[in-house]
Amino acid sequence: MKKENEKKRGLSRQAKTNLVGYSFILPNIIGVCAFTLFPMLFSLIISFTDWDYTKGIGNWNFIGIKNFITMWSDEWFTSALANTLIFVVGVVPTTVFLAMVLAAVIDKFCYAKLPVRMALFMPYVSNVVAVAIVWVMMYSPWGPFTRMVVALGVENPPQWLGDTKWALPAIMLMTVWSGVGYAVMIYTSAIQGLPKDVYEAADIDGAGEVAKFFRLTIPFLSPTTFFLIITTLISSFQVFAPIQIMTRGGPGTATNVLVYYIYTSAFTFYKMGYASAISWVLFVFLFIVTMIQWHGQKKWVSY
Amino acid sequence: MRNRKWLAVGMATALMIFTLTGCGSSGQDSASSSAETEESGAPASEDGAGQETASADEEKGNGEVVTLRMWGGVPPESGPQQACDDFNAQYADKGIQIEYERFVNDDTGNLKLETNLLSGTGVDIYVTYGLSVLQKRAEGDMALDLTELMERDGFDQKEYFGDMALAYYVDGKPYSVPTKLDQYGIVLNKTMFEEAGIDVPTEWTFDEFRQIAKQLTHGEGQDKVYGMFWNSQQDLTYLFTYLTAQTNGGDPMYLSETESAFMDPVVLKSVELINNMMNVDGSSPTHTDSVTQQLSQEGMFLTGKSAMTIGPWMIRSIKDLENYPHDFETAFAPYPVVEAGQRNYTQGGYGDLISINPKSEYIDEAWEFVKWYALEGMLPVAEGGRVPAANTYDAQAVTDAFLKGAEGIIDAETTKNILIAPADNYAVPSITAHGPEISQVVKEELEKIFIGEKTVEEGMADAKERADAILNE
Amino acid sequence: MNKTIGRRNLSKSMLRLFWTVVLGLLAVTMITPFIWMLSASMKMPLDVMKLPIEWIPKYFYPDNYLKVWNIAGKGARDYHFGVAYANSLKIACINVLGSVLTSTLAGYAFAKIKFTGRNVLFLFYLATMMIPSQVTLIPKFVMFNKMGLMGTHLTLILPGMITITGTFLMRQYFMQIPDELRESARVDGANEYMIWARIMVPIAKPSMASLAIVVFLWNWNSYLEPLVFLSNWRMYTIPLALTNFIEESVTEYNLVMAAASSALIPAFVVFLLGQKFLVKGLVSGAVKG
């Protein structure tokens, strides 16, 4: 008893900090462990089996790393991987940069801020099916894109979603368009925390707006930029809904992306084990990219 | 002001902790704790973890009423609701009631059904669309082997459904009762045919069909009327397999368990026919048109923009004059065949395979309903365009139900001949090896053919190579 | 002197006008899906997919709304849309409250409290976002089934109380806030809980507001999980109720859009409420220095 008391009194500063810290994250930890960790580990185990989920739990054979080997000679997987990488490289930087510029411009040089911000956010609010259908119509032969191209004198305008070369870029454009409003909102909330006095000091120094944007705004927003890059990266690697509604991976395999293929493997081909294996490959990809960002952030993110 | 805000936050915290601890305890005893957690966390949930709780409550008040749950892919208003209401009226004093739940018959809808079957709650009876899916479900212990129940009640499938019923057994055992007679055909605008002086065909070849489609095509741009609409928005494999099946039988995609049929001459001719109509004759919208403009059969056929289409799954839309106003008469014709004398089979067979969930607590009651539905309860469903499979129905009554409310809109004669009168040479499937993957392969290659990236020969040769690789894995 | 200031103001307002026009044009493209939804919701079924798009319905058909809500016996049947609406509201509200609270708590700790294993734990957090939900769906189903929660709203509420993205967002926001604020409160004798409640939460309102908006919309539009976890119309949420309008051979987009447009109202309300905080945050924003 006495010893314990001593121990308690001797509880180091760090231990106290730990206790306080853990108490703050406790609800989160419980939730993650209960509802995310188990499904994750389950899918990891399944990735070494040939499980078909309709056969029920436990009704599987362990097949070692076969799933992880066969996928590299599976054209569906390799083409989906290539399409996904193109998609990510095209969508992530565009969305984040565009959103930063828009958020800054709306904040500084715009009348009617609220309606503009609200309009930018509309694609995020609107029903995803409505968004997809409108874009299908935009890309139809009667839509503005085809008309524009025809007006420029092109005789055989691309068929956009019906064309193996244009379908993926068409969906990428739509994704940037519909995702930018969300990023603008996140930036807007971060901009509210920007220090006024520093900008005033820059004003006194006679710095131009462009210079202030690059020298002050970008560094100050860097934690948010880091957040947006990571989350947009993850959601782009996992793009699914627009593909499912607009092209179902077609024409041919032109818009077949990883998560769409994972979905098809699991629920159309009934190869849950294989789908889980692909998911874990996707996980490794994402994790590596995130780790690189995580270590890289020290150079460009200023807290 | 401030206090009130904190009160709200505090309550939210309490609520959260409550639900979290609630879930922690519920791992031990599922039945009782689910009720507990519901009280604490989700005040409005009245249903509970399944139907059992709800029906158990009813039992107390009403003697021994069992409420079954039936899942089907057909919207309730297309007949199932009426059928269930009829059953409920008839069986009210026998203590069985049924509730209909609709799932959408697509990937996600079937996933929903299957997870519910696996969890054992909420589904007593369900409908499967397609033999290959039934096979999966039988193997996965999601469908009850009905042998015992059939023997007990002297329910002889052959007596009601003929020898073809055996084709829908899995491993020699009945896991379902077929309820619908599927017969397909070309849906055509009889008024347009008459105006062009063409008789509704009862037999035709690919060439004749192609010629007629060309003849019926006229106009330009937005006003163009097409002879045919190949609904390539839907599953692309339907288009050619329906044509091929007339000659090659029930496995149009397979030569054997290990070899695909994509280089079979009849298959090639079928794909060529569709491709020619889309891309050479212009007598059908192209696949690209279909995809980029989201063309639907309702939007093309029922607005008079195409004289023919494949079907007949749009019966309900044809009869729905409020939503799809039109004044022409619709008739039906058999699918064309490559050359005269090659009609070896009739495209069709049994569908709407109704099964019982082996985990159901009310298997006897469910079986009672299955028998009733298959043998006598289907007339309301016939109004929605589904022809009963059992021979216990009066043919005239079925025809009347089928045509009810469609007088002058649907041609009675061809409906009877093509869709209702049973044939004796159906193309019944027997091979389902890697079905979804093979379909995916051929869909992709067909798309490349129809958008002009590959010729028919090239595309189908590639399809065969890829499919055979999968079959021999 | 006055003149130059006047000219400068003039050029400034010209610049503003220019950007407003540019952004206005962009904004117009952004609201097209919304306009299309409204327009489609008042059309006859066959007019919905007509090309080129008819923005103003040729035949004005507001009956779609009566059908969806089953008012005056217009619907082919009762779609139970009101029930789904109430369910969706309930789930979204509980989850917004819960997840904003948990995210603000954990985000603060990850940003400011230097406990052991902080970075490792945080990376682990991020990692859990990287497995696509499509493959964790079945394990989740298995788990809820074992817990006896299948078919109840708890399958959506319990996991919905926590969002990794939200925790990440709040962490990044708190990272921006200078430590001096914390230190001075410390000197005044406040403990971490008091600092969090009295200083940090008020400062974090803009981010909490955007998080609340986003979480609301996620819950509002979530489809696959409710589809698998809920099996009875009494429990359905709005996206599940929308599947009622998928007929056998055709989807009745006019009804889908009437329902989806009806579902927009709460989303708007949440967005407008959130906007108020987004801008109000300005007052406390000028703390960094």
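A salt bridge is taken here as a side-chain nitrogen of Lys or Arg within 4 Å of a carboxyl oxygen of Asp or Glu. The structure is a predicted model, in which local features need pLDDT of at least 70 and side-chain atom pairs count only at pLDDT 80 or more, whereas totals for chains, interfaces and linings use all residues. Residues are numbered from 1 along each chain as its sequence is written, chains are lettered from A in the order in which they are written, and side-chain values use heavy atoms, with hydrogens and water left out.

By this rule, 31 salt bridges are counted over all chains. One of them joins the side chains of Asp153(B) and Lys371(B), at 2.6 Å from N to O. This pair links distant parts of the chain, since Asp153(B) lies in helix α7 (residues 147-153) of chain B and Lys371(B) in helix α16 (residues 363-375) of chain B, 218 residues apart; helices (H or I, at least four residues) and strands (E, at least two) are DSSP runs numbered from the N terminus. Asp153(B) counts as partly exposed because its relative accessibility is 30%, and Lys371(B) counts as buried because its relative accessible area is 18%, where buried means under 20% relative accessible area, exposed over 50% and partly exposed in between (1.4 Å probe, protein chains only). Both residues belong to a network of salt bridges that also includes Arg152(B), Asp364(B) and Glu368(B).

A further salt bridge is formed by Glu259(B) and Lys464(B), whose closest N and O atoms are 2.7 Å apart. Here too distant parts of the chain are linked, with Glu259(B) in strand β8 (residues 259-260) of chain B and Lys464(B) in helix α21 (residues 456-471) of chain B, 205 residues apart. Glu259(B) is partly exposed at 32% relative accessibility, whereas Lys464(B), at 16%, is buried. In chain C, Lys58(C) and Glu54(C) meet in a salt bridge at 3.9 Å from N to O, and Lys58(C) counts as exposed because its relative accessibility is 58%.

Chain B contains 21 helices and 12 strands, and 60% of its 473 residues count as buried. Six of the strands of chain B form an open sheet of mixed pairing in the order β2-β1-β3-β11-β4-β12, in which β2 (96-102) and β12 (387-388) of chain B are the edge strands, each pairing on one side only; two strands pair if DSSP finds at least two bridges between them. Strand β11 (residues 348-356) of chain B runs antiparallel to strand β3 (residues 125-128) of chain B, to which four bridges join it, and β11(B) also pairs with β4(B) in the antiparallel sense over six bridges. Within β11(B), Leu353(B) is the bridge partner of Thr128(B) and of Pro178(B). Two bridges join β4(B) to β12(B), again antiparallel, and Leu181(B) has Val387(B) as its bridge partner in β12(B). Strand β4(B) is mostly covered, seven of its seven residues being buried.

A second open sheet in chain B, also of mixed pairing, has four strands in the order β6-β9-β5-β10. Its edge strands are β6 (226-229) and β10 (330-333) of chain B, each of which pairs on one side only. Strand β5 (residues 185-189) of chain B pairs with strand β9 (residues 306-311) of chain B in the antiparallel sense over four bridges, and the partner of Val187(B) in β9(B) is Thr309(B).
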